Every structure is written in C-alpha cells, then in structure tokens.
Amino acid sequence: MNKADEATQRKLLAVFAHPDDESFICGGTLAKYASEGVEITLVSATKGDMGRRMGNPPYLNRETMAAARELELRNACECLGIRHLQFLGIRDKTVEFIDVDHLADRIAVLIRETNPDAVLTFHETWGGHPDHCAIGKATTTAFQRAGSKGNLYFISFGSEMERPERFGYTRKEVMKIDVQAHLEAKLAAFRAHRCQSEMDEWVWMADREALKRFGRYEYFMKGNRETPSRVLHDLF
C-alpha cells in the first residue's frame, strides 16, 4: 500500500463487551467492510470468562474459559477479516462497576490512536446486557472526549430497527446495511465461537439451511445525531 492509499484508507473501531458480540450482532457488516479494504480494530472489554455456555457437552470451566474464548474470538476475527484485536482486561459481568470516566479515558486513547472514520458500540440504554450498556456509555463519552471527526453508531439486534420509533429514533437516523454477500463469513464466525454456538443446532446444519436464519440487513443507530447522514446504507 502506498502513502496515498494509506491516507485514504477508511478505518473502523468497534468497542464491545464480550467475545461473540462482533459476530452474533454485526458480523455481516464487519465482513463487508473488511472485504472492501476497511481497516478494522476490535476492542473487547472482557474475555467472556463468566459465561454460562461451556460447550456441548460441557468441556470448559472457569479456569479454562477465558483462554478458550480468546482463541475463539481470534478465529472469528480471521473469518470476518478483522486485523486488529485488543482486550481491555475487565472481568466478565463487571463492566458496569468500572468507573465510567476512567474507562472512557482508556477508550479515548484508542480513538485518538486509531483515528477511525466510524466507531461502533452499544447504546447505553438499548444494549440489553449490563456489560453492553456500560461499554456503550463509556465509548460514547470517549468519542466526545476524543473530539473524533468520524461517526458514532450503536449496533442493534436483528430487525428491531425496522421500527425505530419504538426506541426514540427516526428512519433517517438508522443505517441499513445490506450484508447478503457476507453471510457465509458471518456463519463461519458463529461457528468459530464454538462454546457459545454449538448449543444452537441450526448453526451446525448444512450451510444452505443455516444461512436462512440470517437477515439480509444489519441496522445501526446514529450516535452523533447532530451530524446528518448523506446516505442511509453506508457507515462511511
């Protein structure tokens, strides 16, 4: 890559709570942009070491789970084309108890270092799991604190953003990304998170049948709502 290419290369920073968030929620979008040459950095706050899914039949325990889930996440990143992975080293299920200012400072450093065009995280209210909401709140604060010129987006579950008004959003504030061409990569990432996904029989069905369980689109809420979007089908 020459200097001109480096200067124009788009960058995406995703800050989530657990290994598997990136694959199960927005794996199609990450695979799509990686295939287009976007440099993606994934930050996972924890290693999912307090998870309750320990394989089927169970083959993990509290002592082995963190290493296993880290390896699974690294394999999932390869499936999706994510080149950079970092952990914040927070114990699973305790993100909500970390001082938000301290956590935001750590994430702001990452934002300044990576200088992303787009930042993905959870919505601090609609994130679901307490760890999700906590990392979303800290990342939103960090985005503002870092003075980022990029865009902030909140990931969402399934097709719930087909009716964004239920969450206080309008359709013009929701990005709808077509990931149809990248569902095979998403399925591979699901399978990489084996101790999580092997309890779900559909994941291990023939590819043709398993792929039917995915939707064609993934949805993202605008985080910096004061900045209007030129298009609603692209994060950049």
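Colleague: Why is His182 called buried?
Modeller: Buried means a relative accessible area under 20%, exposed means over 50%, and partly exposed lies in between, with a 1.4 Å probe and protein chains only. His182 has a relative accessibility of 17%, so it counts as buried. This is a predicted model, in which local features need pLDDT of at least 70 and side-chain atom pairs count only at pLDDT 80 or more, while totals for chains, interfaces and linings use all residues. Residues are numbered from 1 along each chain as its sequence is written, and side-chain values use heavy atoms, with hydrogens and water left out.

Colleague: Where does His182 lie, and what does His182 touch?
Modeller: His182 belongs to the loop between β6 (174-178) and α7; helices (H or I, at least four residues) and strands (E, at least two) are DSSP runs, numbered from the N terminus. Not counting residues up to four places away in sequence, His182 touches Gly28, Ala31, Lys32 and Ser35, where contact means heavy atoms within 4.5 Å.

Colleague: What makes α3 mostly covered?
Modeller: Of the 9 residues of α3, 8 are buried. They are Gly27, Gly28, Thr29, Leu30, Ala31, Lys32, Tyr33 and Ala34. Just after α3, Gly37 has a positive phi of about 95°.

Colleague: How do you know that the span of helix α4 agrees with its number of residues?
Modeller: The expected span of a helix is 1.5 Å times one less than its number of residues. For the 16 residues of α4 (residues 65-80) this gives 22 Å, and the end C-alpha atoms are 22 Å apart, so the two values agree. Gly81 follows α4 and has a positive phi, near 90°.

Colleague: Which residues of α4 are buried, and what do the buried residues pack against?
Modeller: Met65, Ala68, Arg69, Glu70, Glu72, Leu73, Ala76, Cys77 and Leu80 are buried in α4. The elements they pack against are α2 (21-24), α3 (27-35), β2 (39-44), β3 (84-87), α7 (183-192) and α8 (194-197). In α7, the buried residues are Leu183, Lys186, Leu187, Ala189, Phe190 and Ala192, and their cover includes α2, α3, α4, α8, α9 (207-211) and β7 (217-222).

Colleague: Why is Tyr59 called partly exposed?
Modeller: The relative accessible area of Tyr59 is 42%, and therefore Tyr59 is partly exposed. Tyr59 sits in the loop between β2 and α4. Leaving aside neighbours within four places in sequence, Tyr59 is in contact with Met54, Glu72, Arg194, Cys195 and Glu198. Pro57 is in the loop between β2 and α4, and a cis peptide bond with omega of about -5° joins Asn56 to Pro57.

Colleague: What makes Ile155 count as buried, and which residues is Ile155 in contact with?
Modeller: Its relative accessibility is 2%, so Ile155 counts as buried. Ile155 is part of strand β5 (residues 151-155). Beyond its neighbours within four places in sequence, its contacts are Phe16, Ile25, Cys26, Leu120, Thr121, Phe122, Tyr219, Phe220 and Met221.

Colleague: Why is Leu110 called buried?
Modeller: Leu110 has a relative accessible area of 8% and is therefore buried. Leu110 lies in helix α5 (residues 100-114). With neighbours within four places in sequence left aside, Leu110 is in contact with Val43, Gln86 and Leu88.

Colleague: What is the phi of Asp20, and what is that of Lys93?
Modeller: Asp20 is not a glycine, yet its phi is positive, about 105°. At 9% relative accessibility, Asp20 counts as buried, and its place is the loop between β1 (11-16) and α2. Lys93, also a residue other than glycine, has a positive phi near 70°. Lys93 lies in the loop between β3 and α5 and, with a relative accessible area of 37%, is partly exposed.

Colleague: How do you know that the chain is as compact as a globular protein of that length?
Modeller: The chain has 9 helices and 7 strands. Its radius of gyration is 17 Å, close to the 18 Å that the globule rule gives for 236 residues, so the chain is as compact as a globular protein of that length. The radius is taken over C-alpha atoms, and the rule is 2.2 Å times the number of residues to the power 0.38. Of the 236 residues, 52% count as buried. Among contacts with a separation of 6 or more, 79% come from residues 24 or more positions apart.
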